[in-house]
Amino acid sequence: MFVRSIGAFAALLVVASCTTGPDISVSESDTSVPTQWETDPDIRIATLDNGLTVYLRENETPGREAQLRLVIDAGSAAEGDGPTGLAHFLEHMMFNGTERFPANELTDALADFGSEFGADVNAYTTYDETVYTLSLPSSMTALGTGLDILREWLTAATLDPVQVEKERGVIVDEWRQSEQDQSGRIFDSIEQLFFEGSPYAGRDPIGTEADIASITSDDLRAFYDRWYRPEHAALVVVGDFTADKVFAEIEQRFADVEGRGSGGPALQTSWQ
C-alpha cells in the first residue's frame, strides 16, 4: 500500500491560495495556535541504547485492545539514485517472509488472535516514512507475538527472489490502478508542479512501471540494510495494558538489535 502525501500538498495549496485570496490575519491576542509541539503527558517515551525510540500509552478504551506501529524514518524520498518505488516494494515484501515467519506464516500467526490482513494487519509508504500497523488483543500473549513480528520486520526480512517476482505483479497492478484513477492523475499533475526542485520530485512512493519491473532482491536488500535499523525506527504501542510490563517485553526483544549511533535526541532519554 502506498500513500501520497496529501497533507504536504494541502499546506502548499494553502500558501498558493493565500497569494491570490483575501488577506487573512491573526491578531496578536489570538493564542489558540501553539508555538511548539505539545506532548501528551500520558505518553511514556524512552530511547534504547541502540537508538530505537519507544512510545507507550495506556488506554483503557476500547478495552482489551492494543495498537502497535513500527515506524521507519524512510520513504520514497530516501531512495537516492536508486529505482523509484523501492521503499514501497520493500513494504510489500515484509508480508512475504521473515526468518521466523516464512512466506505467509506471519499473517497466519496473527490470525490465531482474530487479526485479519487489511483491517488489522497492514502498512503504508509515503515520501517520508514507512509504517507497519497491527491491531491485536491486549493480552500479553498477543502483544508478545506482535512485538516478535515488529522485530522480524526490523531485523529479519528474507527478501527471497522468488517472492520478489511473485509480488512484482501485485505492485504493477496497484500502479496501473493508481494511474487509471482520476484523482491519481490529478495528483501526478500537482506533484510535478509543487515538488519540482525538491527531494520529493520524481519520487512518487509507488514508483514508475519501468522501475517496478527492474527492482531486484539486491536493490531491496541494500535499502533494507541502510534504513531498517533501530536509529531510524520507532515503536508505538497504545492500548489496554500496563506500560511497565510492555516496556519490559520491548527491552527483552529489541535491546540487542545492533544500531549505528544514538538516533538523535529523544524527548525523554530514560524510562519513567
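Predicted model: local features only at pLDDT ≥ 70, side-chain atom pairs only at ≥ 80, totals over all residues.

Visitor: What covers the buried residues of H2?

Guide: The cover of the buried residues of H2 includes E4, E5, H5, H7 and H8. These elements belong to a protein that has 9 helices and 6 strands, and 42% of its 272 residues count as buried.

Visitor: What makes H2 a mostly covered helix?

Guide: A residue is called buried when its relative accessible area is under 20%, and in H2 this label applies to 8 of its 8 residues. They are Leu86, Ala87, His88, Phe89, Leu90, Glu91, His92 and Met93, so by that cut-off H2 is described as mostly covered.

Visitor: What makes H2 and H8 roughly perpendicular to each other?

Guide: H2 and H8 pack at an angle of about 95°, and their axes are 10 Å apart. That angle falls in the range from 65 to 115 degrees, and H2 and H8 are therefore called roughly perpendicular. Here Leu86, Ala87, Phe89, Leu90 and Met93 of H2 meet Asp219, Leu220, Phe223 and Tyr224 of H8. This contact divides into 8 nonpolar residues, no polar ones and 1 charged.

Visitor: How many aromatic pairs are there, and how do you know that the rings of Tyr127 and Tyr200 make an edge-to-face pair?

Guide: Two rings pair when their centres lie within 6.5 Å, and by this rule there are 9 aromatic pairs. The ring centres of Tyr127 and Tyr200 are 5.2 Å apart, with planes at 70° to each other. Planes over 60 degrees apart count as edge-to-face, so this pair receives that name. Tyr127 sits in the loop between E4 and E5, and Tyr200 in the loop between H6 and H7, so the pair ties together parts 73 residues apart in sequence.

Visitor: Are Tyr127 and Tyr200 buried or partly exposed?

Guide: The relative accessible area of Tyr127 is 1%, which puts Tyr127 under the 20% cut-off and makes it buried. Tyr200, at 24%, lies between the limits of 20% and 50% and therefore counts as partly exposed.

Visitor: Why is the pair of Tyr132 and Tyr228 called edge-to-face?

Guide: The centres of these rings are 6.3 Å apart, and the angle between their planes is 65°, which is over the 60 degrees that the name requires. Tyr132 lies in strand E5 and Tyr228 in the loop between H8 and E6, so parts 96 residues apart in sequence are tied together. Both tyrosines are buried, and both belong to one aromatic cluster, together with Phe95, Phe117, Trp153 and Tyr224.

Visitor: What makes Arg64 an exposed residue?

Guide: Exposed means over 50% relative accessible area, and Arg64, at 68%, therefore counts as exposed. Arg64 is found in the loop between E2 and E3, and its phi is near 60°, a positive value in a residue other than glycine. Leaving aside residues up to four places away in sequence, Arg64 touches Leu136, Pro137, Ser138 and Asp240. Between Arg64 and Asp240 there are 5.4 Å from C-alpha to C-alpha, although they are 176 residues apart in sequence.

Visitor: Where is Leu159 found, and how do you know that Leu159 is buried?

Guide: Leu159 is found in the loop between H4 and H5, and its phi, near 55°, is positive in a residue other than glycine. Its relative accessible area is 5%, which is under 20%, so Leu159 is buried.

How values were computed. Residues numbered from 1 in each chain as written. Heavy atoms only, no water. Phe/Tyr/Trp six-rings, centres within 6.5 Å; stacked < 30°, edge-to-face > 60°. Helix = DSSP H or I, 4+ residues; strand = E, 2+ residues; numbered from the N terminus. Buried < 20%, exposed > 50% of the residue type's maximum accessible area, 1.4 Å probe, protein only. Axes fitted to C-alpha atoms, helices over the stretch in contact; angles between N-to-C directions. Parallel < 35°, antiparallel > 145°, perpendicular 65-115°, else oblique. Contact = heavy atoms within 4.5 Å. Nonpolar A, V, L, I, M, F, W, Y, C, P; charged D, E, K, R; others polar.
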